[in-house]
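Here is a quick briefing to read alongside the model. Keep the structure open while you go through the points.

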Amino acid sequence: MPVIELSYSHLQKLVGKVTKKQISDFLPFLGLDIESENKDLVRIEYSPNRPDYSTDFGIALGLQGLLGIKTGAIKLKIKKSNKYPISVKSGVSKIRPFVTGIIAKNGKIDDKTIKQLMTMQEDLHFGIGRKRRKSSIGIHDLDKISFPLVFTTTNRHHKFTPLNSDKDLSISEILINTDVGKNYGDILGNASQVPIILDSNQQIISFPPIINAAVTTVTTKTKNLFVEVTGMNKDDTEDMLSVVAIILQSVGFTLESVKISGTKNSSPKFEPRKMIVDSSLINQTLGLNLTMSKIILSLKKSRLDAFSKGTNIICTIPSYRFDIFGSMDLVEEVALGYGIQNLEPTLSPSQTIGQTNTVSLQLKLLDQTMIGLGYLEALNSSLTSKRVLYDMTCRNTSKIFSVLDSKSLEHTILRDAILPGLLENISKNIHESYPQKIFETGTVFSIGNPISEKVSFSSISAHKDANFTEMKSILQSSLKTGFGIKIETKTTTHPTFEEGHCATVILNGVSIGVIGKINSKIIKNYKIRVPVVGFEISLSESIFNFKN
């Protein structure tokens, strides 16, 4: 979790008539953890889903709401302007297709404010920007730029003076010889053309997502700013820009719009969203009996706008609050506005004594058995990639299904098997000594209405003498110890396994999985240096309920 250092006295100045103790008491109710205090300084940890809390200006806005000093949504005041156009060339469409921006004028910034803006920038890069891969920000001295701008591409031989340098470097030199180039250059891959932003004097002002040009460096003498955000998705770039805009407005800048035109691009709108939540859901979840007016007041204290219509609350959510996805998020905002400290704990009416689920006990015994047999337990994510789950293992993709709005560019597929993930684990450790033996029990998914979730058990063994008999004995021993059952095997074929070295696993006449020697083509795909054997079975209810 990111940590920032703030000044109590500066927060008091920003919030209004409030004491240091009030600020200290209310910081945790914003979801902020106080790490340490030293006289006027306080170090706090905030959640990455609230990047507006990466500066004291954003935190001050939240405190004003909870303390009732200023309530309701903060509205962005942006003057429409045609003086700052950016045209987007088609060449960037396959590299980094989207750009957006805003102008901030007549502000005063000191060293501390610059430091906070840079911290916010990097926290946004790390969070919503996914280490600049999805989106990245450039903050520039507006007075050093000549509009109109062009978002286009250039070759790697092109030279300019990058930030924190006093000499011209080529794009290739920046990517190879600078720390920022080494850290983020892989985002651009091996493309011969890279994205740049040029002004009307044909000077590079930005090489996204890597580095700005030195000519637009922001200093304490800077009065006017130009902020640009580039990325792979229009929504992500505008979400990131909205956070920067609300903070710059809070710092004291006046905002003006940027006019963007070209392939797939348009000017940002910063439009708030409407979301409806039933008041009964709020009261039922929080265990309260709040009136409509109290719910609305609580939401306004969380810096949202709201009004009632029947039993529903219609909430207006500012563009920078992209952390709010659904009704339960609004319930949480009501709880924060109402005051976590005002919620009274009560004993559960249930008199049931808790106990460990029997299925969990059986799985624990199975895990302990496998560990006793010399296997290491793996724990892979249920979200994986098409490459790992299907491409590398030559499996049929007809039943593939992915999640909507994944926050990861790679991990978008719900796994329907555990074995591919274990092979990926082995492939990441080819430099380690053999034998390598791992297993995993976990949830797999299959298409249905609703989506079906089942527990699977999979294991692989990799070493020069790995064979079918070894793997079958491991499976038999683990199931006999864990569940007291015996299985049979019958020859079959499967794309993941070698023909003639594969069998279906049968329990009471029903197939529950597959076992065998991993196909040599798959071994080659993963660059594994030794033979691999493995199995995967479904731990159905019939296994958990099996009686000797």
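This is a predicted model: local features need pLDDT of at least 70, side-chain atom pairs count only at pLDDT 80 or more; totals for chains, interfaces and linings use all residues.

Pro148 sits in the loop between β7 and β8 (149–155), and a cis peptide bond with omega of about 5° joins Phe147 to this proline. Residues are numbered from 1 along each chain as its sequence is written, and side-chain values use heavy atoms, with hydrogens and water left out.

- Look for Pro209 in the loop between β12 (204–207) and β13 (211–212).
- Lys131 isn't a glycine, yet its phi is positive, near 55°.
- You'll find Lys131 in the loop between α4 and β7, and it is exposed at 52% relative accessible area. (Exposed means over 50% relative accessible area, buried means under 20%, and partly exposed is in between, using a 1.4 Å probe and protein chains only.)
- Asn508 is another non-glycine with a positive phi, about 55°.
- The loop between β26 (497–507) and β27 (510–518) holds Asn508, which counts as exposed with 65% relative accessibility.

**The sheet around β7**

- Which strands make up the open sheet of five, and in what order? Reading across, you get β4-β15-β6-β14-β7, and the pairing is mixed.
- At the edges stand β4 (78–79) and β7, each with a single partner strand, so one side of each has no neighbour in the sheet.
- β7 pairs with β14 (residues 225–231) in the antiparallel sense, over seven bridges. (Two strands count as paired if DSSP finds at least two bridges between them.)

**Salt bridges**

- How many salt bridges does a search of the whole structure find? It turns up 18. (A salt bridge here is a side-chain nitrogen of Lys or Arg within 4 Å of a carboxyl oxygen of Asp or Glu.)
- Arg132 forms one with Glu122, and their closest N and O atoms are 3.3 Å apart. This pair links distant parts of the chain, 10 residues apart: Arg132 is in the loop between α4 (111–126) and β7 (135–141), while Glu122 is in helix α4.
- Is Arg132 buried or exposed? With a relative accessible area of 8%, Arg132 is buried, whereas Glu122 is partly exposed at 32%.
- Asp391 and Lys386 form a salt bridge as well, with 2.9 Å between the closest N and O atoms. Asp391 is partly exposed at 41% relative accessibility, and Lys386 is partly exposed at 38%.
- Asp465 and Lys464 meet through their side chains, at 3.1 Å from N to O. Here Asp465 is partly exposed at 47% relative accessible area, but Lys464 is exposed at 64%.
- Arg321, Asp323 and Glu333 are joined in a network of salt bridges.

- Gly65 belongs to helix α3 (residues 56–66).
- Gly65 is buried, with a relative accessible area of 0%.
- Which residues does Gly65 touch, leaving out those up to four places away in sequence? They are Lys70, Thr71, Lys301 and Arg303. (Contact means heavy atoms within 4.5 Å.)
- Now try Ser90: Gly65 and Ser90 are 25 residues apart in sequence, and their C-alpha atoms are 45 Å apart in space.

**The domain layout**

- The protein is divided into domain 1 (3–66), domain 2 (78–262), domain 3 (274–339) and domain 4 (358–547). These bounds come from an automatic or database domain assignment.
- How far apart do the C-alpha centres of domain 2 and domain 3 lie? The distance between those centres is 36 Å.

Note on methods: Helices (H or I, at least four residues) and strands (E, at least two) are DSSP runs, numbered from the N terminus.
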